[in-house]
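These are my notebook entries on one chain. I set down what I looked up, entry by entry.

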Amino acid sequence: MSTAADDGRPGRDIVVVGHADLTPEALPLVESALRARLARRPAPAMAMVRTGAGTPLASGRAARASGCPLVVAIPTRVEMPAMPPRRDRMATGELLTLADRVRLLTYDPTDRDSCIGADERLVAAGGLVLAVWDGSPSDGRDATAHLVTYARARGVPVEIVWPEGAAREAATAAGATG
């Protein structure tokens, strides 16, 4: 695994964003849909995700299964990796084992606005956004609609991935920012 600084490869990589609060039943559905889409990627594109549970983890598993190289962006503070929130630690560990490259990205993983800013930087560096999105508007716990709008406003193509049967956890059960 190699490590790259905050210098994405514009126009080539596939950035995957989406809901972090997918139900356990939705994760395999999303993973399967992403695996099929990533298998059709143009070479040498890589899948890129910010570390976390939900969509990032499903994306990492899908990238590995499809043979698509995976870049995982991990949070840094003062140029040192930052500890992810407790709810994301298991997923982060798995994502790091799946990763072909790790990208250090300056953001605070406990701050929603900081996470959104990190996602915006990834989106701006990508050539395509795969958005695991149910079509709902942005709210106080999720910014997927914002990221779709952000990508489109910058001319980054967006493909929505929301397989039949996918669902999100109830609002009271999740404190996600994905």
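Does Leu 38 count as buried or exposed, and why? I looked up its relative accessibility and found 0%, so Leu 38 counts as buried; buried means under 20% relative accessible area, exposed over 50%, and partly exposed in between, with a 1.4 Å probe and protein chains only.

I note that this is a predicted model, in which local features need pLDDT of at least 70 and side-chain atom pairs count only at pLDDT 80 or more, while totals for chains, interfaces and linings use all residues. Residues are numbered from 1 along each chain as its sequence is written, and side-chain values use heavy atoms, with hydrogens and water left out.

**Entry: surroundings of Leu 38.** I placed Leu 38 in helix H1. Helices (H or I, at least four residues) and strands (E, at least two) are DSSP runs numbered from the N terminus. Residues up to four places away in sequence aside, I found Leu 38 touching Ile 14, Ala 47, Ser 59, Ala 62, Ala 63, Ser 66, Cys 68 and Leu 130; contact means heavy atoms within 4.5 Å. I also looked up Pro 69, 31 residues from Leu 38 along the chain, and found their C-alpha atoms 9.6 Å apart.

**Entry: cores.** I looked up the largest nonpolar core and counted 28 residues, with Leu 34, Leu 38, Leu 70 and Leu 130 having the most contacts inside it. Such a core is a set of buried Ala, Val, Leu, Ile, Met, Phe, Trp, Tyr and Cys residues joined through side-chain atoms within 4.5 Å. Among the elements that each supply at least two residues of this core are strand E2 (14–18), helix H1 (26–39) and strand E7 (128–132). I recorded a second, separate core of 22 residues, which includes Val 17, Leu 105, Ala 118 and Tyr 150.

**Entry: H4 and H5.** The axes of helix H4 (residues 112–125) and helix H5 (residues 144–153) come within 10 Å and cross at roughly 35°. Axes are lines fitted to C-alpha atoms, for helices over the stretch in contact, with angles from 0 to 180 degrees between N-to-C directions. I found Ile 116, Asp 119, Glu 120, Val 123 and Ala 124 of H4 meeting His 146, Leu 147, Tyr 150 and Ala 151 of H5.

**Entry: whole chain.** I counted five helices and eight strands. Of the 178 residues, 53% count as buried. Of the contacts with a separation of 6 or more, 82% join residues 24 or more positions apart.
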